[in-house]
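Hi,

Here's the structure I promised to pass on. Have a look at it first, then read my notes below.

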Amino acid sequence: MISFQHLGREIGIGANSYVLEGGADRIVLDAGYHPKKQGREASPNFSLLGERGATAAIITHAHQDHVGSLPVLTRLLQQIPVFLSEETGRISDIMLHNSVNVMKKEQEERGAKNPVLFTHRGVELSRRAWQHCKLRVPLDFRGDRLPPLAETGENGFEFYHSGHILGSTGVMIKLAGKTIFYTGDAHFKEQTLLSGAAFPQEQVDTLIMETTRGDAPSEVGYTREKEKGRLGAIVREAFEDSAAVTIPVFALGKTQELLAMLWELRRENAIPVCPVYIGGLSTKVTEVYDAFSDTPERLHPGLRLLEEVSPVVISGKEIADLRPRPRCIYALSSGMLAEKTLSNLFVRRILEDPKQRLVFVGYSDPESPAGIIRRTPQGGLVTPDPALPALERNCRIDELNFSAHADRECLLEYAVRLRPANILLVHGDRPAMEWFRRRLSELLPQTRIIVP
């Protein structure tokens with residue numbers, strides 16, 4: 001008998017965390033933090049674990065919605081091991097310490113109503129429980145090596161490359177004689193820096209599958225190479241007008257993907273060599289990407305982005321005096337222009353200039369400053385920060401798709417190939433999950449399709 005419980009406080013993308021139970025083992029999958037909430041409401045409801053706690057935790061990758069509450073979990077369950085890839089561990093350490101800084105700043109601005117969930121010391125204590133695991137190595141929940149999961153009678157797990165960001169994994173789990181595959185966040189096709197997911201192809205009993213892009217059909221004729229070509233054209237046009245190109249990006253994943261694209265475009269003589277500005281957190285994460293430049297999952301072996309692109313690093317103190325310079329690229333976080341971030345502060349200096357180019361390279365939450373700006377018509381008033389005056393949106397806006405999530409057709413094809421007895425749909429908004437539920441029910445009538 002296998003049981004599955006959703007530990008998030010609501011359905012959707014945010015504080016992703018689940019618990020699987022089979023036989024004597026209970027395994028926590030991911031421990032995320034919700035970007036729209038503060039305090040305890042931003043973390044999973046770990047009290048649902050009760051006094052029994054858990055045997056182990058598995059972290060699939062270092063995005064905040066999958067790792068951001070890990071110190072809370074390890075403080076609650078101090079004896080459990082936490083399994084993750086080495087790359088995920090290196091990046092998670094950076095992201096969690098940055099989270100402490102953000103939480104402290106929010107507490108100073110908004111008062112004690114937003115308690116800091118953990119401290120820098122809490123991150124260090126959590127890290128003592130982390131065990132780095134290699135891909136395709138079966139382990140038990142103590143971290144000892146096993147024979148292939150198909151051949152052993154013991155409970156255990158095995159990581160697979162998921163193609164999402166550096167170090168991201170899907171995980172095969174064996175519990176009580178049953179096999180469960182959890183995709184984590186996945187991308188099946190090559191990106192600029194990473195090869196596509198290398199997931200198991202054999203049938204499993206249960207598939208736990210992300211559904212992020214379930215409400216977005218693939219664009220006809222879309223290729224990443226074409227999008228890179230569009231980016232090159234935008235940069236050339238802006239530079240011909242002596243303007244700058246501003247690209248809001250996430251510090252983890254999107255920044256490194258963009259730097260790699262700019263490097264390729266330079267090599268192809270599609271854009272000139274020019275100053276590229278990035279933030280301090282983006283730089284720390286890029287250092288990890290560079291440290292793992294020779295891993296088999298990395299494309300362009302040996303490419304070290306900080307050496308080849310030589311970006312200019314902008315700090316929070318310097319952003320106050322930073323103004324757009326002609327023929328420069330500003331790749332600043334956050335990707336959704338969250339208030340008080342580098343990108344939000346900088347975008348106020350380009351919004352009213354019709355020569356400037358503002359380029360969005362992925363999804364924006366409709367309620368975020370990025371989402372609001374994207375639907376503001378030319379000449380309309382927009383308020384990137386409610387604490388500051390509204391501005392007229394005159395800059396040119398371009399939208400590109402460099403998503404690191406699999407398109408829905410690829411995920412659907414993978415699920416149909418596995419033909420599991422059960423499919424659990426997670427990590428998606430209601431419309432996305434409903435599309436998958438409907439299509440999978442049509443294509444796999446013998447499979448139980450469940451939205452936990």
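Let's start with a term: a salt bridge is a side-chain nitrogen of Lys or Arg within 4 Å of a carboxyl oxygen of Asp or Glu. Before I use it, two notes on where things come from. This is a predicted model, so local features need pLDDT of at least 70 and side-chain atom pairs count only at pLDDT 80 or more, while totals for chains, interfaces and linings use all residues. Residues are numbered from 1 along each chain as its sequence is written, and side-chain values use heavy atoms, with hydrogens and water left out.

By that rule there are 25 salt bridges. One of them joins Asp144 to Arg142, with the closest N and O atoms 3.5 Å apart. Are these two buried or exposed? Buried means under 20% relative accessible area, exposed over 50%, and partly exposed in between (1.4 Å probe, protein chains only). Asp144 is partly exposed at 40%, and Arg142 is exposed at 56%.

Another salt bridge pairs Lys340 with Asp385, the closest N and O atoms being 3.2 Å apart. Lys340 sits in the loop between strand 14 and helix 9, and Asp385 in the loop between strand 16 and strand 17, so this pair ties together parts that are 45 residues apart in sequence. (Helices, H or I with at least four residues, and strands, E with at least two, are DSSP runs numbered from the N terminus.) Lys340 is partly exposed at 40%, whereas Asp385 is buried at 3%.

Then there's Arg437 with Glu434, where the closest N and O atoms are 2.6 Å apart. These two are three residues apart in helix 12, so about one helical turn separates them.

Now the inside. A nonpolar core is a set of buried Ala, Val, Leu, Ile, Met, Phe, Trp, Tyr and Cys residues joined through side-chain atoms within 4.5 Å. The largest one has 44 residues, and Ile91, Leu231, Ile247 and Ile329 touch the most other members. Which helix gives the most to this core? That's helix 6, with seven residues. Leaving aside neighbours within four places in sequence, Ile91 is in contact (heavy atoms within 4.5 Å) with Ala62, Leu166, Leu252, Val285, Val288 and Tyr289.

One last thing to look at: in helix 11, Arg408, Leu411, Leu412, Ala415 and Val416 meet Trp435, Phe436, Arg439, Leu440 and Leu443 in helix 12.
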